[in-house]
Amino acid sequence: MLIKLSDLKKGDRGRIERVAGDERFRKRIAELGFVTGVEVESIRKAPFKDPGAYLVKGAHISLRNTEARKIEVTITPKGQEDNGKNSKFISSHGSSRKMDIPSPGKKVIEIALVGNPNCGKTSVFNYASKSREKVANYSGVTVSMKEASFYMDGYHLRLVDLPGTYSLSAHSPEEEYVREYLMKKNPDIVLNVLDSTKLERNLYLTTQLIDMNVPVVVALNMYDEFRNQKDYLKYDKLGNMLGIPFVPTIAKKGRGISALFKKIIQVIEQKEESVRQVNIPYNVEIERAINSLQDQLQKMPAAEINVVRYSRYYAVKLLEGDFTVLDNFS
Amino acid sequence: MELEEKARTSIAHIDNLFTESTSDLITDDKYGFIEGALIETLVQGGQKKHDISRRIDNVLTHNVFSLPLFFSIILLVFYFTFSIGGYPVAWLESLFDLANGGLARLLPEGIFRDLVTQGIIPGVGAVAVFLPNIIILFLFISFLEDTGYMARTAFIVDRIMHRAGLHGKSFIPLLIGFGCNVPAIMATRTIEDRRNRLLTMSIIPFVSCSARLPVYVLFISAFFSSWKPLVLFSLYLTGIIMAWLTAILFGKLLFNKTETPFVMELPPYRLPTPKAIFQHMWFKTWYFIKKMGGVILFASVIIWALGYFPTGIEYSGKITEHEEVIPDGNVPVREPVQIENSYIGRLGKWIHPIFKPLGFDWKMSVSILTGLPAKEIIVSTLGVLYQADDGFEAKGNAFKGSEEEIFKDRSMLRAFSFMIFTLLYFPCIGTLAVMRKESGSLRWTLLTLGYTTLVAWITSFLIFQGGSIFV
């Protein structure tokens, strides 16, 4: 029986069957894990019965009733919880090839820090910039960002802390900013910080970085909390599958941070073998559309953007109905 | 555009083939990819961290207790900010006085000495002495943010704030505004959505900050001795009502209807390390100092110069007379007649017709101008102009005694009208500077400036003229 998520009783679980509302809303909510097939638990309602808090993909998310009404669920009978696994899954072995690292051998490494809000990104930044030469705190037009630089193993590392985002769509000024920064400033490497206790949702942003075809190193942050949950991750294997090196860190205590930056240097020196360009496999029809859009995109003149590199990302964005990416073309 | 056409055709084609939209299919495939990868690599032990957070939330976001708990925490924060902060504030005040007295004796007589001892030190000092308060406030905010409690406060008050078209996250910045509007505007950074952030910023100036309190105390103790708490309460309430109405008005007029969905993560509770809290506090404090330092210095010098020049012949004699006080350790005091003839005095008199319908005399008009950098300066200007001794009581009485004939019977009304104007008009220069920086929009800042002053004028006009009918 279909009921609205807002009507789900406290403590009850339900499987998402349908998400109504406009494209923008569905995208926003999908980034946080509300997609069909996923199990949600209603945790509580705020004092005035609105908004409600829901447990989805390991995170507590607050939704107003007007929004929760747009999500339809079937109640899961007690004792049959399936740990929120998405029923349909596709093999993760995407096609891949060697990734070209921009200008190897350079002595200044520009690193862009991205990650979900609350993933400990700022802790990584603060710890790394402890030996800071300079920390600048920009509060730009709509977003604020910090910058620090330091030296390691003969390299000058410049670290830019970008605003925390759940995805790289153009839903908020922050997301747009991060996206533009990555594509126009072309940092040498993206440092993607993940909250290890919410891997599935945090990796959603990573899939967009994969689409973007930029070199990435992942910091598996809050690894101590993750281990305390008695969870175990074969992160080397995961890294090989995604073509991205994974380094466990506990940024709050400064653990794993130097290993993280050593890994970044290795990637720049092209000594890291797991680095590959992986294509996330989409549905056949979508792949066909992506390919034909990519062909056309690569012929387009764009002043500031490396179109060849980002063509797959652009094609996916276009198919998602996000036409703002076209603003970069003349 | 050709490419957009092509993309739209593909989307329509795929939408037709499947029950789900193209965009949803892409999202599903992304999650499917992640899931496939995790099935092969992740072994879950099943002990979720969230269980502990959930138990804490059973209390902190409880249906009945959460709001009283929240307000107790906030009251405690304010109590510590102003009670403990009071000591270093007093030390700083005496330090500034000492420095000023010392410099007054050391520096050779002349414009430069007056600039330093009458302009820069009192101007910068008036704001700098609040630094201990600000640091303590930032310390608490950083702690509450880092533990994850701030997100819960947004969760429990969202329903109330939503009625004014605001977001639960707007609540904390507005509360901080009662302490000082500048950190309040900085606190709006936690609001991700630009619409809500601008809206919150533009109503913060109506929240009565602590710098306005001296003005209220002065007038209330002089004119409303038997109504003290009620009058004070009505002032704060007026500010809150104005903020509320403005949020609704701006929300309807200046933004389109598409509100971003209120989706907010409630992060698990964490005990932050002291180092992290101090680091966050320090980032905020340093930003505050950087933003405020230059602006306050600049504004103090300008206002000082306007009150100092021109140094005419007829009253320059009086200044030298007055400087005999200096050996006692006092700072040279500006003569009322000097202010009256200065540029700012002339300006105050010149714009007096604008304020006359509100019941203000020219002295009050002048003090409104000198209060632009910081509203507590209004009190000291009135003191100088009415030649009052120190202390609120004395200033108030001096003010009372010098009323012009026509206002005699409406002194309470006039005082109330002036307090309302002080509450609502032109947020201080520091607030505007930070608003300009944080909103990134000069137009928005100017709009807020003009709007608040207009609202102040209209409200005071209605109060004075409306009240005059009954008195």
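In helix α4(A), the buried residues are Glu174(A), Glu175(A), Tyr177(A), Val178(A), Arg179(A), Leu182(A) and Met183(A). A residue is called buried if 20 or more other C-beta atoms lie within 10 Å of its own, exposed if 12 or fewer do, and partly exposed in between, with the C-beta atoms placed from the backbone. The model is a predicted one: local features need pLDDT of at least 70, side-chain atom pairs count only at pLDDT 80 or more, and totals for chains, interfaces and linings use all residues. Residues are numbered from 1 along each chain as its sequence is written, while chains are lettered from A and ligands numbered from 1 in the order in which they are written.

## The helix and the strand it packs on

Helices (H or I, at least four residues) and strands (E, at least two) are DSSP runs, numbered from the N terminus. Just after the helix, Asn186(A) has a positive phi of about 45°.

What do the buried residues of α4(A) pack against? Their partners are β8 (108-115), β12 (189-195), α5 and α10 (307-319) of chain A. Contact here means that the C-beta atoms of two residues, placed from the backbone, lie within 7 Å.

Strand β12(A) is mostly covered, with 7 of its 7 residues buried. Ile189(A), Leu191(A), Val193(A) and Asp195(A) point one way from the strand, and Val190(A), Asn192(A) and Leu194(A) point the other way.

Two strands pair if DSSP finds at least two bridges between them. In general, strands of a sheet pair through backbone hydrogen bonds, either parallel or antiparallel. Some of the pairs in this model are set out below.

| Strand pair | Bridges | Sense |
|---|---|---|
| β8(A) and β12(A) | 5 bridges | parallel |
| β12(A) and β13(A) (216-221) | 6 bridges | parallel |
| β2(A) (13-19) and β3(A) (39-45) | 3 bridges | antiparallel |
| β14(A) (232-233) and β1(B) (42-43) | 2 bridges | antiparallel |

Val193(A) of β12(A) is the bridge partner of Gly115(A), and Val193(A) also stands opposite Ala219(A) in β13(A).

## Domains of chain A

Domain bounds come from an automatic or database domain assignment. Chain A is divided into domain 1 (2-75), domain 2 (99-279) and domain 3 (284-328). Between domains 2 and 3 of chain A, the contact takes 8 residues from domain 2 and 9 residues from domain 3. On the domain 2 side, the elements giving two or more residues are α4 (173-185) and α5 (199-212) of chain A. That side of domain 2 has 3 nonpolar, 3 polar and 2 charged residues. In these classes Ala, Val, Leu, Ile, Met, Phe, Trp, Tyr, Cys and Pro count as nonpolar, Asp, Glu, Lys and Arg as charged, and the others, Gly among them, as polar.

## Where the chains meet

80 residues of chain A are in contact with 67 residues of chain B. On the chain A side, helix α1(A) (residues 23-31) gives the largest share, 7 residues. By class, this side of chain A comprises 39 nonpolar, 21 polar and 20 charged residues.

## Chain B

Chain B has 23 helices and 2 strands, and 44% of its 471 residues count as buried. Of its contacts with a separation of 6 or more, 73% join residues 24 or more positions apart.

Ser202(B) lies in helix α10(B) (residues 194-203). Is Ser202(B) buried or exposed? Ser202(B) is buried, because 24 other C-beta atoms lie within 10 Å. Apart from its neighbours within four places in sequence, Ser202(B) is in contact with Thr246(B), Phe250(B) and Thr448(B). Asp361(B) is 159 residues from Ser202(B) along the chain, and their C-alpha atoms are separated by 30 Å.
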